[in-house]
Amino acid sequence: MPDPTVDLTTRLADATLANPVLTAAGCAGVGRELAPFFDVAELGALVTRSIQRDARSGLSTPRVAETASGLLSAVGQQGPGVDGFLATDLPWLAQRKVRTVVSIAGTTLEEYAELARRIGNSPGVSGLEVNLLEVAADPYQLGKVVRVVRRETARGVAVLVKLTSEVASVVDGAAAAAEAGADGLVLIGGPRGLSIDPATMRPRLGGVVGGLSGPAIKPIALRCVWQVHAAMPGMPLVGVGGVRTGADALEFLLAGATAVQVGSAILHDPSAPLRVRDELGDLLAARGFDRAADAVGYAHRKPDEEPHEELVQR
Ligand SMILES: Cc1cc2nc3c(=O)[nH]c(=O)nc-3n(C[C@H](O)[C@H](O)[C@H](O)COP(=O)(O)O)c2cc1C
């Protein structure tokens, strides 16, 4: 259970989340997969795998390869498409009162518009997370997608935009998303990597190039959160990349994130999100924070703001 003395609630546009720990897209399916391990309604929010307009069978296998410091994955957006999601998955989540953020991925502006219209106006959806795929690195194209999604999505439903670190300036992409109406930013989607099997002397992944996740990318994700928070202090940021423990989550809050997502850690420890939540609560309490919100961006304080006696002495 989380430490009862610390207020872990966090804001996501119009919604209040019970705690700042979410799942990362693609690592918790559509929620049902985690139900044998814990009550999914206890999550700050469940982020679904990316939903497409049409059913897709995904990339050829293998889709996941272990590397020395994290997973390389290229799934290729496998799934039943929006019809299947709305017919079976979303009702399951809504019935259990799971705070749900639906990741959407389109290949055209029209597809993003349709996904936003259909999912972003459905009861039981707290937010959309825009998976930008190929346009993630182009602030102009990114802005066009976000504008369309925001326009088609119900007012009270948060539009979160997942950004890539593989750009000259993550702040430029963040600014373009904000200007187009994003309510929050998710930092980061895994940078692309490659692994070759010395036995077969071919790429290990069927899709050749995959997204890198896990401990290797945490410093990159933290750097992105830090830079965007410094440039846009009021913007809600969700940190993702290598969160396995409460200490990892605390680092993201201190860098400026209002929430974190747990991704590939779930694949070998399905109850990791609630463990991270509880560990985060304990760490905040040990440092004298009454509210998680007070830790957001705390690492940015000026040297002359030291020492925060009441915080460091406990
Ligand atoms: C198996 C797998 C599937 C993923 N599927 C998606 C997806 O559908 N959409 C998406 O935006 N990100 C997807 N991701 C990326 C994660 O959401 C996350 O950005 C990345 O794994 C970094 O977080 P981590 O280090 O905690 O794993 C996937 C990652 C993995 C490992």
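Strand 6 (residues 70-73) and strand 14 (residues 209-213) pair in the antiparallel sense, over 3 bridges. Strands here are DSSP runs of E, at least two residues long, and helices are runs of H or I, at least four; both are numbered from the N terminus. Two strands pair if DSSP finds at least two bridges between them. Within this pairing, Leu72 has Leu212 of strand 14 as its bridge partner. Ser73 stands opposite Gly211, again in strand 14.

The model is a predicted one: local features need pLDDT of at least 70, side-chain atom pairs count only at pLDDT 80 or more, and totals for chains, interfaces and linings use all residues. Residues are numbered from 1 along each chain as its sequence is written.

Strand 6 also pairs with strand 5 (residues 64-67). These two run antiparallel and are joined by 4 bridges. A hairpin of 2 residues links strand 5 to strand 6. Thr67 has Gly70 in strand 6 as its bridge partner. The pairings belong to an open sheet of 4 strands, in the order 5-6-14-11, with antiparallel pairing. Strand 5 and strand 11 (192-194) are the edge strands, each pairing on one side only. From one strand to the next, the twist averages 40°.

Now step back to the whole protein chain. It holds 9 helices and 16 strands. Its C-alpha atoms fill a box of roughly 55 × 50 × 40 Å, taken along the principal axes. Of the 314 residues, 51% count as buried. Buried means that 20 or more other C-beta atoms lie within 10 Å of the residue's own; exposed means 12 or fewer, partly exposed is in between, and C-beta atoms are placed from the backbone. Among contacts between residues at least 6 apart in sequence, 71% join residues at least 24 apart. A contact requires C-beta atoms, placed from the backbone, within 7 Å.

Of its 10 residues, 9 are buried, so helix 6 is largely enclosed by the rest of the structure. Among the buried ones are Gly246, Leu250, Phe252 and Ala255. The buried residues of helix 6 pack against strand 3 (21-23), helix 5, strand 15 (237-240), strand 16 (259-262) and helix 8. Just after helix 6, Gly256 takes a positive phi of about 130°.

The contact with helix 8 (residues 272-286) can be followed in detail. The axes of helix 6 and helix 8 come within 7 Å and cross at roughly 65°. Gly246, Ala247, Ala249 and Leu250 in helix 6 meet Val276, Glu279, Leu280, Asp282 and Leu283 in helix 8. By class, this contact has 6 nonpolar, 1 polar and 2 charged residues. Ala, Val, Leu, Ile, Met, Phe, Trp, Tyr, Cys and Pro count as nonpolar, Asp, Glu, Lys and Arg as charged, and the others, Gly among them, as polar.

Helix 5 (residues 218-231) contains Ala221. Ala221 is buried, with 29 other C-beta atoms within 10 Å. Leaving aside neighbours within four places in sequence, Ala221 is in contact with Leu187, Ile188, Gly239, Val240, Gly241 and Gly242. The peptide bond from Leu187 to Ile188 is cis, with omega near 15°. Ile188 is found in strand 10 (residues 184-189).

Two loop residues complete the tour. Leu133 lies between strand 8 (127-131) and helix 3 (139-152). Leu133 has a positive phi of about 45°, although it is not a glycine. Val208 lies in the loop between strand 13 (202-203) and strand 14. Val208 is not a glycine either, yet has a positive phi of about 65°. Leu133 is partly exposed, with 15 other C-beta atoms within 10 Å. Val208 also counts as partly exposed, with 15 C-beta neighbours inside 10 Å.

Conventions: Two residues are in contact if their C-beta atoms, placed from the backbone, lie within 7 Å. Axes are lines fitted to C-alpha atoms, for helices over the stretch in contact, and angles run from 0 to 180 degrees between N-to-C directions.
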